[in-house]
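Okay, thanks for coming, everyone.

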Amino acid sequence: MSTKHQLAGLPEDADLRRADSLAREIFSDVANKWALLIIEALGERTLRFSELRDEVDGVSHKMLTQNLRMLERNGLVERTVYPTVPPRVEYTLTEPGRALRSTVDAMCDWTHRYLGHIEDARGRSGG
């Protein structure tokens with residue numbers, strides 16, 4: 001989280017500590033497992049809906065649709081519809097989405113690095 005000093009001069013909407021801030025709403029939107037996995041799956045590629053569903057193991061049609069709409073609403077994913085029959089729809093990360101992907105990549109790296117440690121801790125705590 002940001003310190004009060006770092007937030008000086010920023011609008012109230014930028015303060016994650018405020019329940020009513022836009023920053024908190026955006027953080028809540030993108031900090032869910034499906035959004036993070038979709039961002040990671042898209043990477044530098046453009047994928048169709050069915051390709052994304054195949055890449056993100058376990059995601060339902062409904063959850064993929066909801067998360068893609070949310071990511072598009074927040075300007076992180078661009079949706080392109082081609083006028084074919086049936087319609088072809090492709091998804092790609094926007095520049096802000098690619099910037100967020102670097103953070104997602106760092107989280108993936110952190111998970112891989114500390115997976116054994118976390119497994120050990122869970123084993124010790126019985127969970």
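**Helix H5 and its neighbours**

So, the axes of H3 and H5 come within 10 Å and cross at roughly 75°. The axes are lines fitted to C-alpha atoms over the stretch in contact, with angles from 0 to 180 degrees between N-to-C directions.

Before I go on: this is a predicted model, where local features need pLDDT of at least 70, side-chain atom pairs need 80 or more, and totals for chains, interfaces and linings use all residues. Numbering runs from 1 along each chain as its sequence is written, and side-chain values use heavy atoms, leaving out hydrogens and water.

Helices here are DSSP runs of H or I with at least four residues, and strands are runs of E with at least two, numbered from the N terminus.

Who touches whom? On the H3 side we have Trp34, Ala35, Ile38 and Ile39, meeting Met63, Leu64, Asn67, Leu68, Met70 and Leu71 of H5; contact means heavy atoms within 4.5 Å. By class, that's 9 nonpolar, 1 polar and no charged residues, with Ala, Val, Leu, Ile, Met, Phe, Trp, Tyr, Cys and Pro as nonpolar, Asp, Glu, Lys and Arg as charged, and the others, Gly among them, as polar.

After H5 comes Gly75, with a positive phi near 75°.

Last, E2 and E3 form a hairpin with 5 residues between them.

Technical notes: Two strands pair if DSSP finds at least two bridges between them.
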